[in-house]
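Student: I have a protein model open on my screen. Can we walk through it together?

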Amino acid sequence: MRKLLIAGNWKMYKTPHESTSFLTKFLPLVKDNTHAEILLCPAMTCLPALIDAARSTSVAIGAQNMHWKDEGAYTGETSPAVIANLGATHVLIGHSERRQYFNETDTTVNLKLKAALAHSLIPIVCIGEHLEERESGLTNSVLELQTSLALEGIDPAIAAPIVFAYEPVWAIGTGRTATPEIAQEAHLIIRKQIAKSLTPELAASIRILYGGSVKPDNAKALCCLEDIDGALVGGASLDPQSFADIINHTKG
Ligand code: PGA
């Protein structure tokens, strides 16, 4: 009942032209795909061109971040209303790089999650523990806390579109992946917390993606376990063939 979602996070890579030529090369490589939803999250400056190029394809386009307010004196920020108005359908919220380098907190994640839902943007809420937290046995409590704070005050009646992404910080861009067992265990913790914070029904239907050094050769093992409903891919989503291979390898 939970359809796989494979999302590419391009971070601060690619010009508008590079992003649309990626799409031209990528589309034929996934033309037979029906098993997964595909999402690309380019840099903000590439959104209009990529949204335009992806119109009437099966590839959805999302933003990597946004502010929680519709407008105001917030120099350098991007409004959720504008992101939705451009035609983006998804938004990443609280990516660990945002938390680490731009002071994103569980409080701002919660505000952004509410704003995304208010603008009918599908939020992908990123959570995950640091290496020291894992090594000190704190993983479960960190994940429970991040999940519950993200969901604080969210009305279950409007929560169905929410997606979570479990991204252990020690696995992002390091080439070090969680083992399938570690990932499955973490996803189950998150799902149990969603049941507590929202409802058991929503916990059963909300998708939880795995992210952190997902590559074509580990995608199938990592992304298709009982509580894992797809992937959030950084580095390996920058190349059309490797991102298509990840999608095609997760079939069946
Ligand atoms: P990575 O990045 O696949 O390059 O590890 C994942 C992410 O940051 O979402």
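**Strands, pocket and rings**

Tutor: Three bridges join strand 2 (residues 36–41) to strand 3 (residues 59–63), and the two run parallel. Keep in mind that this is a predicted model.

Student: Which residue in strand 3 does isoleucine 38 stand opposite?

Tutor: Start from the pairing of strand 2 with strand 3, joined by three bridges. Look across from isoleucine 38 to strand 3. The residue there is valine 59.

Student: In what order do the eight strands close into a barrel?

Tutor: The pairing is parallel. From one strand to the next, the twist averages 25°. The order is 1-2-3-4-5-6-7-8.

Student: What angle does the direction of helix 2 make with that of strand 3?

Tutor: Helix 2 covers residues 47–54 and packs on the sheet. It touches strand 2 and strand 3. Its direction makes an angle with that of strand 3 of about 165°.

Student: Which helix gives the most to the lining of the largest pocket?

Tutor: The largest pocket holds about 540 Å³ of space. Its lining has 18 residues, and Met12, Gln64, Asn65, Arg98 and Phe102 lie nearest its centre. By class, the lining has seven nonpolar, six polar and five charged residues. With three residues, the top contributor is helix 4 (residues 96–101).

Student: Why does the pair of phenylalanine 26 and phenylalanine 243 count as stacked?

Tutor: Two values describe a pair of aromatic rings: the distance of the centres and the angle of the planes. Here the centres are 5.4 Å apart. Planes under 30 degrees apart count as stacked. This pair is stacked because its planes are at 25°.

Student: How many residues apart are phenylalanine 26 and phenylalanine 243?

Tutor: Phenylalanine 26 is in helix 1 (residues 16–29). Phenylalanine 243 is in helix 11 (residues 240–249). The pair links distant parts of the chain, and the separation in residues is 217.

Notes
Residues numbered from 1 in each chain as written. Predicted model: local features only at pLDDT ≥ 70, side-chain atom pairs only at ≥ 80, totals over all residues. Heavy atoms only, no water. Pairing = 2+ DSSP bridges. Helix = DSSP H or I, 4+ residues; strand = E, 2+ residues; numbered from the N terminus. Axes fitted to C-alpha atoms, helices over the stretch in contact; angles between N-to-C directions. Contact = heavy atoms within 4.5 Å. 1 Å grid on protein atoms, 1.4 Å probe; cavity = no way out; pocket = protein on both sides within 12 Å on 5 of 7 lines; lining within 4 Å. Points joined across faces, edges and corners; volume = space filled by probe spheres on them. Nonpolar A, V, L, I, M, F, W, Y, C, P; charged D, E, K, R; others polar. Phe/Tyr/Trp six-rings, centres within 6.5 Å; stacked < 30°, edge-to-face > 60°.
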